Amino acid sequence: MVKLALLLVSLVGGAYAAPVAGTSSPYEVIPKRETGPAGIDGDDPAIWVHKKDTAKSVVITTSKEEEDGGLHVFDLEGKSLQFVAAGRPNNVDVIYNFDFDGDKIDLAVAACRTDNTICMWKINKNGRLQEIDGGKQPTPQGFEVYGSCEYKSAKTEKQYVFVNSKTSVYLQYEIFEQEDKIQSKLVREFKAGSGGQVEGCVVDNDNGWLFLGEEDKGLWKYDAEPRGSTKGTLVDSIDTANGGNLYPDVEGLSLFYGINKNEGYIIVSTQGLNAYNVYERRAPHKFLFNFAIKAGNGIDEVTETDGLTVVSTGLGDAFPSGLLVAHDDAKTLPDGTTAPQTTFKYVDFADIANNDRVQLKLNPKWNPREEDD
């Protein structure tokens, strides 16, 4: 769809500028692993970090077609461990240390489009998904869910989930345990961006910032607190003629946590360039460089990424400096044909950090279960 959109706007003299000749091309990295088949229309990944042995961490991915909708679970070699059927889930996130029945548990949360719910599963100690009481929470009648992301407030320690519609309406729910099941409460509703289509979002839990992508506009930032301002800041745009660094569609977002709340990086999928933009975590979120994932190690090139995720935690010997996982819209087979199902590619974050543009700082001891004061 994005290829057609770019062609049409170029024919009518639209504002979506192609990369300017002579400018720096994206830095190239190659994937270290890839998953097995991950659904007809795979979209978004999340990484669950194992509490005791990070080498046993898993990657959870969404498949959003009606006929094979659900969540896939893969190990760090890309081997399939589990599939859980669900109603077209998208934008999966991991919630750590959720208070439930006198214990602290981890959850996988997504927006399920079939019945327009917030859908959740318990992640057990081995990284497998289990049903949980209250794991399906409704949204208002007539609201059509599209994307979602989680937020745990450093101010109040309350847990929230943001869910959006294609028309850029955001709902913010507090989720909590009551009577031995998950409950939810709508605490905020606002219109995001300029009113265009939104999907991907990520929250900086330490700073309380919500970042979201408006596909044909750019990267926005909002206050993530339920009583915060609903006025957003446009961090970067697709208006390359006037200094923007993005190309439509603006899709998946993720956050690389640094050693403190000012260190780290925002990573954004910019589909029109088959690349990923890197920004400073600290305000005003300066654009640093972009990179692309090319073919190598017997794995094909990544194109038209929707969702992506990154963790700075060292994950055993396989990914000691952190891991980035990116959706690949079409897996190209050795004979040049396209596989019937999508896959997800694993990139060693050290390969991204040690680029020839801007050296990035690593943080392999980051623990997602500990908040940064």
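Mentor: This is a predicted model. The surface patch comes first. Asp101, Asp103, Asp133, Glu179 and Asp180 gather there in a patch of negative charge. One of these residues, Asp180, sits in the loop that runs between strand 14 (169-178) and strand 15 (181-191). Asp180 has a relative accessibility of 45%, so it counts as partly exposed, given that partly exposed covers the range between under 20% (buried) and over 50% (exposed).

Now the disulfides. A disulfide is a covalent bond between the sulfur atoms of two cysteines. The structure holds two of them, and with bonded cysteines counted along the chain their pattern is 1-2, 3-4.

The link of Cys149 and Cys201 has -115 degrees about the S-S bond and is left-handed. Cys149 belongs to strand 12 (residues 147-152) and Cys201 to strand 16 (residues 198-204), so this pair ties together parts that are 52 residues apart in sequence. Cys149 has a relative accessible area of 1% and is therefore buried. Cys201 is buried as well, because its relative accessible area is 7%, and the cut-off for buried is under 20%.

Terms used: Residues numbered from 1 in each chain as written. Predicted model: local features only at pLDDT ≥ 70, side-chain atom pairs only at ≥ 80, totals over all residues. Heavy atoms only, no water. Patch = residues over 30% accessible without salt bridge, like charges linked within 9 Å, V, L, I, M, F, W, Y side chains within 5 Å. Areas by Shrake-Rupley, 256 points an atom, 1.4 Å probe, with all protein chains shown as cover. Salt bridge = Lys/Arg side-chain N within 4 Å of Asp/Glu carboxyl O. Lys, Arg positive; Asp, Glu negative; His and termini not counted. Charge placed at Lys NZ, Arg CZ, Asp CG, Glu CD. Helix = DSSP H or I, 4+ residues; strand = E, 2+ residues; numbered from the N terminus. Buried < 20%, exposed > 50% of the residue type's maximum accessible area, 1.4 Å probe, protein only. Disulfide = S-S within 2.5 Å.
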